[in-house]
Amino acid sequence: MIYREFKDIKLSMLGLGTMRLPLLDGDNSKIDEKATAEMVDYAMEHGVNYYDTAWGYHEGNSETVMGKVLSAHPRDSFYLASKFPGYDLENFKRIEEIFEKQLEKCGVDYFDFYLFHSVTEENIHGYLNREYGLLDYLLKQKENGRIRHLGFSAHADCNVMRRFLEAYGEHIEFCQLQINYLDWTYQKAKEKVELLEEYDIPVWVMEPLRGGKLAELSVEAEKELSELRPDENIPAWAFRFLQTIPNVKMILSGMSNFTQLKENVATFEEDKPLSEEELKVILKIADGMMGRMLPCTACRYCITHCPKELDIPRLLGIYNNNQFSGVGNIQPAVLKNVEKEKWPSKCIACRSCEKVCPQGIKISEAMADFTEKLEK
Ligand code: SF4
Ligand code: SF4
């Protein structure tokens with residue numbers, strides 16, 4: 001396992017993200033605890049020492065399951081991260097209640113890492129409103145040893161990140177960002193990394209495979225890459241890209257099964273950053289992909305906001321597959337496993353999902369286009 005130094009500790013460069021744990025019956029709220037425990041045991045045995053959960057993951061059950069599963073291991077053998085869900089303004093009324101509950105759910109008496117979760121254009125006013133008292137509360141917990149390191153995660157543009165850093169930067173020790181070779185230019189990840197360098201803040205990476213989108217590429221792209229590195233699998237290219245960025249200390253991958261975990265652990269046995277030439281090739285491939293796809297990462301933040309209860313990321317995934325192939329019409333057969341009441345045509349364009357989408361996707365327009373292409 002590759003390690004990176006952060007202050008006086010060594011972090012495995014691969015961390016286990018727990019937003020996409022193995023499920024029972026395909027139900028996002030029902031985590032397969034046994035499969036999760038097996039994965040965590042394997043990860044621990046192979047040197048992974050960082051585990052990232054959050055209040056909202058798996059409809060509130062990620063923290064509970066991770067608490068149970070990690071309790072089989074000595075507390076000082078892993079670093080645990082969780083986050084304050086300030087993306088929902090209502091939660092600012094319950095700061096203490098939520099924090100205490102998080103410790104209880106995770107079965108710990110301190111968090112090694114704690115983050116302001118998902119700072120965006122839409123919610124920064126809440127995070128920066130000192131009257132809510134979140135920063136003061138978290139600093140107090142730090143003083144009391146219940147938070148070891150304070151950071152934030154962001155799905156915001158550079159201006160918003162700068163606003164956050166100008167207000168709170170002196171207290172911030174790390175920042176979790178969506179970085180991968182697709183977003184390097186598309187979501188200006190490069191500029192965000194440079195901004196953090198200005199503040200001397202190390203980078204934690206989320207969505208390294210962009211919700212799995214970078215695990216498979218077009219036939220031509222895969223051929224081009226395998227000519228450069230015949231022994232490297234396609235997901236590994238995303239990790240090698242991130243190993244090339246000097247300020248990246250942590251790469252979180254939301255692994256859903258044992259196979260993914262084993263592959264990722266094997267990739268992180270070696271530090272093999274990309275050469276200049278390889279970097280050019282991967283960014284050229286990204287350029288070609290971006291033009292055709294919606295940037296959904298399957299974070300599922302939108303799900304609970306849809307009055308029609310559409311499985312938005314699933315529908316966008318199907319839509320993206322069609323865009324990716326470049327075919328104009330969409331065969332209704334692609335929706336054979338989706339009940340008719342949950343088809344894109346049921347979207348009423350209320351746009352409440354769009355208010356919470358960190359990727360800024362015009363979901364209602366995509367649903368309309370999907371419907372039109374189905375009807376053709
Ligand atoms: S715009 Fe469509 S998909 Fe989005 S919340 Fe409204 S009905 Fe659901
Ligand atoms: S549409 Fe946006 S909020 Fe919904 S899952 Fe995709 S990225 Fe997340």
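Student: How many salt bridges does the count come to?

Tutor: The count comes to 29 salt bridges, a salt bridge being a side-chain nitrogen of Lys or Arg within 4 Å of a carboxyl oxygen of Asp or Glu. This is a predicted model, in which local features need pLDDT of at least 70 and side-chain atom pairs count only at pLDDT 80 or more. Side-chain values use heavy atoms, without hydrogens and water.

Student: What makes arginine 229 and glutamate 278 a salt bridge?

Tutor: Their side chains meet at 2.9 Å, N to O, and the cut-off is within 4 Å, so the pair qualifies. Arginine 229 sits in the loop between helix H9 (219–228) and helix H10 (234–243), while glutamate 278 belongs to helix H12 (residues 276–290), 49 residues apart. Helices here are DSSP runs (H or I, at least four residues), numbered from the N terminus. Both arginine 229 and glutamate 278 are buried, that is, under 20% relative accessible area, where exposed means over 50% and partly exposed lies in between (1.4 Å probe, protein chains only).

Student: Why is aspartate 311 called partly exposed?

Tutor: Aspartate 311 has 24% relative accessibility, so it counts as partly exposed. Its salt-bridge partner is arginine 300, with the closest N and O atoms 3.6 Å apart. Both lie in loop between H12 and helix H13 (312–325), so the pair ties together parts eleven residues apart in sequence.

Student: How do you know that lysine 346 is partly exposed?

Tutor: The relative accessible area of lysine 346 is 29%, so it is partly exposed. Lysine 346 also forms a salt bridge with glutamate 341, the closest N and O atoms being 4.0 Å apart.

Terms used:
Residues are numbered from 1 along each chain as its sequence is written. Chains are lettered from A and ligands numbered from 1 in the order in which they are written. Helices (H or I, at least four residues) and strands (E, at least two) are DSSP runs, numbered from the N terminus.
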